[in-house]
Amino acid sequence: MVVRALRKTVVVIGSGAAGMFCADGLAARGDIDVVLLEAGDDPGTPPPDWLRRDLATPAEVDWGLVDAGTGRPLLRGRVTGGCTSTNSAAALRGQPWCFDDWGVDGWRWDDVAVAFRALESDAQYGDRPEHGASGPIPITRLSFGPVDTAFAAWATAEGHAWVDDQNAPAVLGVGHWPTNTVDGAVRYGVHEALLPRLRPHLRAGTTAERLLFDGTRCVGVETGAGAIAADHVVLCAGAVGTPALLLRSGVGPAADLAAAGVPLVHDAPEVGANLQDHPWTVLQVRATDPAAPARRPVNGVLLRYEILAEDRVEVHLYPHQARPYLPDADPADVFLGLGLMRAISRGSVRLAPDGSTEVRLNHLGDPQDVLAFDLLLDDARTALDALGDVLTEPDGAWWRRPDATDLLPEHLESYGHLVGTCRMGTDPGAVVGPALTVTGVTGLSVADASIMPASPRANTMLASMMIGLRGAALVMDNLPE
Ligand SMILES: Cc1cc2nc3c(=O)[nH]c(=O)nc-3n(C[C@H](O)[C@H](O)[C@H](O)COP(=O)(O)OP(=O)(O)OC[C@H]3O[C@@H](n4cnc5c(N)ncnc54)[C@H](O)[C@@H]3O)c2cc1C
C-alpha cells in the first residue's frame, strides 16, 4: 500500500518585505502548495530601471492612500516586493532593547538576532559574529560625498561617536548608512533576491478582497479572480493592508464592523489600533558647491543618537541630495532629514461606515513627541549654523521662524515605517500570539510589520523581513495534521 502525505495549501497574502520571506520559507519545505497573492504587478526580472534606481515612487505602484488626519499622501508600495521595491534602501537594524521591550518570550533580541544574520550578506562585516555573509539581502555601506564628510566632521566635533558599523548591536553615533544596494547604489530588495525562485507560486495583480470563514475557521480567500481554498492563510499585506483585510472579513472591533454592515466573525477590538510611524521631515537647503551633492546622492552619512535619556528617545539626522526624491529639484539642493525614531503617539487603521479604510497617523499626538521633535529641530539648526560653508539656507526658512514649533505639524511626513496594527502579545487584547496565529479564529496567521508591539528605533524593513523569515517556521509548526 502506498501512503501519500496530503499536501496542504497555504495562501500568503502580500509579497512585500515579510511576505516574500515567509513564502520562500514555506516553499522551501517542498510539501506545501504555496500561493503568493500580490495586488500589484510584477515588473519582471531584470527589474526596470525605475524600480532599481528611482526614489520618487511612481503613482502606478502606490496604493494612493492619504492620512485622514492631515490629508497628506501616505506612500505604500503596491508591486511585487511591496515597499521594499519603492523605498530608500536604508538597511538599519533596531537596537537590542527595542525587541527586548516587546516583552514577548521567543521574540527578544537573542531570539531574533539569528534571523537578522540569516537574511543578510554584509559586504564589510559579514565575517563578524553579529553579521551574516550568506543571506539573500546584500548589505553594504557607500562612500561619502563632500556633504557627508562635512556633516560627519560636525557630528564628531559635537561629541558624537564615530561608528564603523551602524548595524552592530547597541551603537549610537555617526557613520555610514547600511544599505541594501548593489553596483554602487542600485536598490536590491526581495523582488530581486527572492522573487525569481518564487514566481511559480506568485499570482500578481490579484487583490485579496476578503477572507472566507467557516464559523471561526479561515478556509480561504476571495479575490477579484475568484475564491481560493486554503488550509492556512498568512496575512503579509503590511501595517495597513493586513488590518484592512481583517476588518473587511469580520475580524475587528464589533461596533465598527456593525456600522459598516460587515458580519462579525470575531470581536477583536485592537485590530487596526496601535498604529505607529516615525514622524519625519526634511529641511531643504542648498550646497555651496553645486557639484557636491551628486557625488553621493543618498544613503551616505547617518547620525543616530538619543535626544531624551528617559525612554531612550532616539533620533536620526542626515543630509542627502534632494533630486532623487524630487525630480524637479536643483542638483545642488540638499535635504537635511530629521526622524523621530521613538515616538509614543498612536494612530489607527479603521473601517469607515462606508466600508473604506481610514488611516490616521496622529504624528506628535503626545507631548513627549512634540518635545523630542522640537529638540531635534534645535539640533538641526545648530548643524546648519556650523555647516554654513557647505550648506546655505533659503531666506525666510520656516525652521528659523519664532513659531517653528507650531509650524512643525504641517511639515511632518511619514518616514514610511508603519507598524503595530495587529499587535503581538500574550495578553487577551493582543491580535496575534507569539506563534503569530490570530486570536479567536483558526487557520489564520499574521507575519508582517503589523505584529510589532512597538516600532524598533530604526527603519522597519529589516525587522519586517525578520518577521517574515521567522513567520514561515511558525506557520509550519501550526499547520493542521
Ligand atoms: C516611501 C517609503 C520609504 C521607505 N524607506 C525605507 C528604508 O529606506 N528602509 C527601511 O528599512 N524601511 C523603509 N520603509 C519601510 C519598509 O519598506 C516597510 O516597513 C516594509 O516594507 C514593511 O514590510 P511588510 O511586508 O509589512 O509590508 P510591505 O512591504 O508594504 O508589503 C505588503 C504587500 O502586500 C500587498 N497587499 C496589500 N494588501 C493586499 C491585498 N488585499 N491583496 C494582495 N496584496 C496586498 C502590497 O501591495 C504589498 O506588496 C519605507 C517605506 C516607504 C513607504
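Predicted model: local features only at pLDDT ≥ 70, side-chain atom pairs only at ≥ 80, totals over all residues.
## The parallel sheet

Five strands make up an open sheet, and their order across it is E11-E2-E1-E15-E26. The pairing in this sheet is parallel. Strand E11 (202-203) and strand E26 (444-446) are the edge strands, each pairing on one side only. Strands E1 (residues 8-13) and E2 (residues 32-37) run parallel and are joined by 6 bridges. Within this pair, Thr9 stands opposite Asp33 in E2.

## The antiparallel sheet

A second open sheet has 3 strands in the order E12-E13-E14, with antiparallel pairing. Its edges are strand E12 (208-214) and strand E14 (226-229), and each of these pairs on one side only. From one strand to the next, the twist averages 30°.

Strand E13 (residues 217-223) pairs with E14 over 4 bridges in the antiparallel sense. Gly220 has Ala229 in E14 as its bridge partner. In general, strands of a sheet pair through backbone hydrogen bonds, in either a parallel or an antiparallel arrangement.

## Contact between helices H4 and H12

Helix H4 (residues 109-118) and helix H12 (residues 461-477) have axes that come within 9 Å and cross at roughly 100°. H4 is therefore roughly perpendicular to H12, since angles from 65 to 115 degrees are placed in that class.

On the H4 side, the contact is made by Asp111, Val112, Ala115, Phe116 and Ala118. These meet Leu462, Ala463, Met466, Leu469 and Arg470 in H12. Sorted by class, the contact of H4 with H12 contains 8 nonpolar residues, no polar residues and 2 charged residues.

## Salt bridges

The whole structure holds 21 salt bridges. Side chains of opposite charge can pair when their charged atoms come close. One of the salt bridges joins the side chains of Arg29 and Asp31, at 2.8 Å from N to O. Arg29 counts as partly exposed because its relative accessibility is 42%, and Asp31 also falls in the partly exposed class, at 34%.

The side chains of Glu314 and Arg304 form another salt bridge, at 3.0 Å from N to O. This pair links distant parts of the chain: Glu314 lies in strand E20 (residues 313-321) and Arg304 in strand E19 (residues 301-308), 10 residues apart. Glu314 is buried, with 0% relative accessibility. Arg304 is buried as well, with a relative accessible area of 1%. Both values fall under the 20% limit for a buried residue.

Arg381 forms a salt bridge with Asp378, and the closest N and O atoms are 2.8 Å apart. The two residues are separated by about one helical turn because they are 3 residues apart in helix H10 (residues 367-386). Arg381 counts as buried, at 16% relative accessibility, whereas Asp378 counts as partly exposed, at 38%. Elsewhere, salt bridges that share partners join Asp122, Arg141 and Asp165 into one network.

Technical notes:
Residues numbered from 1 in each chain as written. Heavy atoms only, no water. Pairing = 2+ DSSP bridges. Salt bridge = Lys/Arg side-chain N within 4 Å of Asp/Glu carboxyl O. Buried < 20%, exposed > 50% of the residue type's maximum accessible area, 1.4 Å probe, protein only. Axes fitted to C-alpha atoms, helices over the stretch in contact; angles between N-to-C directions. Parallel < 35°, antiparallel > 145°, perpendicular 65-115°, else oblique. Contact = heavy atoms within 4.5 Å. Nonpolar A, V, L, I, M, F, W, Y, C, P; charged D, E, K, R; others polar.
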